[in-house]
Amino acid sequence: MALQIRQALDPPSYKNYFEEVAAAGYDPQAYPSYFSTIEDGKFKDLMRPRTEVLSLQRLGITSTSTKTVNVDDFGATGDGINDTEAFEKAWKEACSSKGAVVLEVPEKKSYLLKPIRFSGPCKSDLTIQIYGTIEASNDRLDYKEDSRHWLIFDSVDNLLIEGGGNINGNGKIWWENSCKINKDLPCKDAPTALTFYKSKNLIVRNLNIQDAQQIHVSFEKCTNVQASSLKVKAPGKSPNTDGIHITDTQNIQITNTVIGTGDDCISIVSGSQNVQAMDITCGPGHGISIGSLGSGNSKAYVSGVTVDGAKLIGTTNGVRIKTWQGGSGTASNIKFQNIEMYNVSNPIIIDQNYCDQDKPCKGQPSAVQVQNVVYQNIQGTSSSDVAIDFDCSKSRPCQGITLQNVNLKGEGKEVATATCNNVQTTIIGNVSPGCSSGERNMIA
């Protein structure tokens with residue numbers, strides 16, 4: 001059932017996020033750095049100049065005091081032989097040096113690496129220039145100690161990575177051994193190709209990341225991130241190969257990025273706040289997703305997400321919010337605007353009955369609250385009959401859902417429809433398809 005009010009009003013005002021989660025009984029200590037940042041008033045606009053991060057080297061101005069560390073000088077050959085030890089030595093030198101340092105991966109070479117952890121904190125103001133190719137070992141025995149990561153930057157602040165080179169996860173062997181490809185195999189973890197963990201003031205730009213073992217790029221427990229001009233690609237049938245994954249990360253901006261993989265182009269999960277994605281091209285893949293949230297009866301909080309300017313082509317979902325039954329917390333203050341969709345299944349979807357398992361999920365009364373979501377200036381074509389699907393919880397109906405100037409048509413002569421269950425909607429301007437008259441009832 002749904003309540004619809006046609007009016008020309010601003011979207012609902014947003015509650016203070018910290019007060020909201022505290023009132024819900026959530027323990028802020030679960031994300032201490034997250035909430036201390038909010039309490040201390042240190043959040044700044046992502047669009048502000050990053051002068052505190054950008055050195056002369058980052059602005060493209062060569063400084064005579066910049067030290068260059070080349071991986072070849074530490075024994076790397078770039079000829080398909082294991083270069084892990086050379087990269088570890090080069091990292092140790094670059095990270096321990098003071099001042100501005102450039103760690104260089106030369107062009108026209110391919111460096112084979114086993115799993116490697118680049119640990120901080122570093123003494124240097126560090127730039128990594130990747131001109132050549134870094135390729136993952138495809139021997140799964142190399143990942144015995146850590147099956148979840150290939151390249152990981154741990155506690156490295158004020159880091160810039162760029163160069164136009166390639167990071168190749170060499171994931172085919174992992175996909176072939178996935179339970180999603182072969183149902184007879186047990187489900188096991190696979191490595192994320194590139195992980196940034198507990199790091200602040202990151203700039204990641206102008207890179208090609210392809211064929212990850214599982215997730216391509218993950219930002220975990222990070223603050224103040226700019227990711228731009230990335231090209232992320234894997235076959236459309238490669239399992240669980242999310243493009244960019246954001247978890248427990250605040251103040252992140254993703255711009256001018258092209259993603260085509262076998263899973264979500266961008267996935268945003270619990271603990272993430274102030275996320276901006278602009279000028280995104282997505283497809284193939286599963287679209288741009290918030291969630292899944294609340295699995296295993298967990299608490300989840302996501303707030304302050306804006307997707308502004310995106311093209312989705314042939315994806316299995318468009319813009320999606322997905323939560324499990326039995327969870328708690330909120331997904332709130334979210335805006336999807338200026339989006340074009342071409343031949344997209346489920347262009348707009350809120351699924352509070354998400355169930356990604358073989359057995360049917362047991363019905364549960366609690367749910368993650370979805371509220372204050374705006375869909376504005378969205379147009380294109382739907383390859384599914386239902387273009388707008390709000391499947392919200394009976395116990396926690398979706399609240400404050402605003403649709404403004406939405407026009408989604410069926411492919412060819414097909415007529416697209418909307419399904420709206422347990423949702424409170426506000427309609428501004430022209431919205432098509434709309435909920436049927438039978439669904440326009442007040443939620444008890």
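By class, the lining of the largest pocket splits into 13 nonpolar, 18 polar and 16 charged residues (Ala, Val, Leu, Ile, Met, Phe, Trp, Tyr, Cys and Pro count as nonpolar, Asp, Glu, Lys and Arg as charged, and the others, Gly among them, as polar). The model is a predicted one, with local features needing pLDDT of at least 70 and side-chain atom pairs pLDDT 80 or more, while totals for chains, interfaces and linings use all residues. Numbering runs from 1 along each chain as its sequence is written, and side-chain values use heavy atoms, with hydrogens and water left out.

The pocket itself (an open set of points on a 1 Å grid over the protein atoms alone, with protein on both sides within 12 Å along at least five of seven lines; lining residues have an atom within 4 Å of a point) holds about 1,500 Å³ of space. Of its 47 lining residues, K180, Q214, N240, D263 and D356 sit closest to the centre. Elements giving two or more residues are α4 (172-176), β14 (217-220), β20 (288-293) and β22 (319-324), and β22 has the largest share, with 3 residues.

Then there are the cavities (sets of points where a 1.4 Å probe fits but cannot get out): 2 of them reach 30 Å³ or more.

Technical notes: Points joined across faces, edges and corners; volume = space filled by probe spheres on them. Helix = DSSP H or I, 4+ residues; strand = E, 2+ residues; numbered from the N terminus.
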